[in-house]
Amino acid sequence: MPIQRHVHVRGLVQGVYYRDTCRQLAEESGVTGWVRNLHNGDVEAVFEGTSSKVARLVRWAAAGPGAAEVTGCTVAPEEPEGHGDFRILPDARPAQPPA
C-alpha cells in the first residue's frame, strides 16, 4: 500500500543540484511525486511509494546532496494522490497579498 510524505527542507539547498539529485534518486527507487524550489530559498517535495522507499528518500532529503547544508527538514504525512512519475516542478511564486 503506497504512502505519501510532504517534505520541506531549509538551509543551503538551492544551487547545489538538490532537485536533480532528488529526481534521480526517486526514479531509481521507483518513488513518484515532485520537487521544487520555494521563493524563500527552501525546497519542498512530495514522495509517494512503498513505506521503505519513501523513508529512504525522506532520509536523503534531510541530508541532501554533498554540497547542500540542510538546517531543517519537516515531514508531513498526506493521502497518496497516485502520481504517475517524479517531476521537477517550476519554482513556487511568493503568495500575493490581497488586493
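What span should the 12 residues of helix H1 have at 1.5 Å a residue, and how far apart are its end C-alpha atoms?

**View 1. Helix H1, residues 18-29.** Helices (H or I, at least four residues) and strands (E, at least two) are DSSP runs, numbered from the N terminus. This is a predicted model: local features need pLDDT of at least 70, side-chain atom pairs count only at pLDDT 80 or more, and totals for chains, interfaces and linings use all residues. Residues are numbered from 1 along each chain as its sequence is written, and side-chain values use heavy atoms, without hydrogens or water. Gly30 follows H1 with a positive phi, near 75°.

**View 2. The two cysteines Cys22 and Cys73.** The whole structure has zero disulfides (pairs of cysteine sulfur atoms within 2.5 Å). The sulfur of Cys22 is 10 Å from that of Cys73, its closest cysteine sulfur, too far for a bond. Cys22 is buried, at 0% relative accessibility. Cys73 is partly exposed, at 26% relative accessible area. Buried means under 20%, exposed over 50%, partly exposed in between (1.4 Å probe, protein chains only).

**View 3. The loop at Gly41.** Gly41 sits between strand E2 (32-37) and strand E3 (43-49). Gly41 is partly exposed, with a relative accessible area of 22%. Not counting residues up to four places away in sequence, Gly41 touches Gly11, Val13 and Gln14; contact means heavy atoms within 4.5 Å. The C-alpha atoms of Gly41 and Leu12 are 7.5 Å apart, across 29 residues of chain.

Key
Expected span 1.5 Å × (residues − 1).
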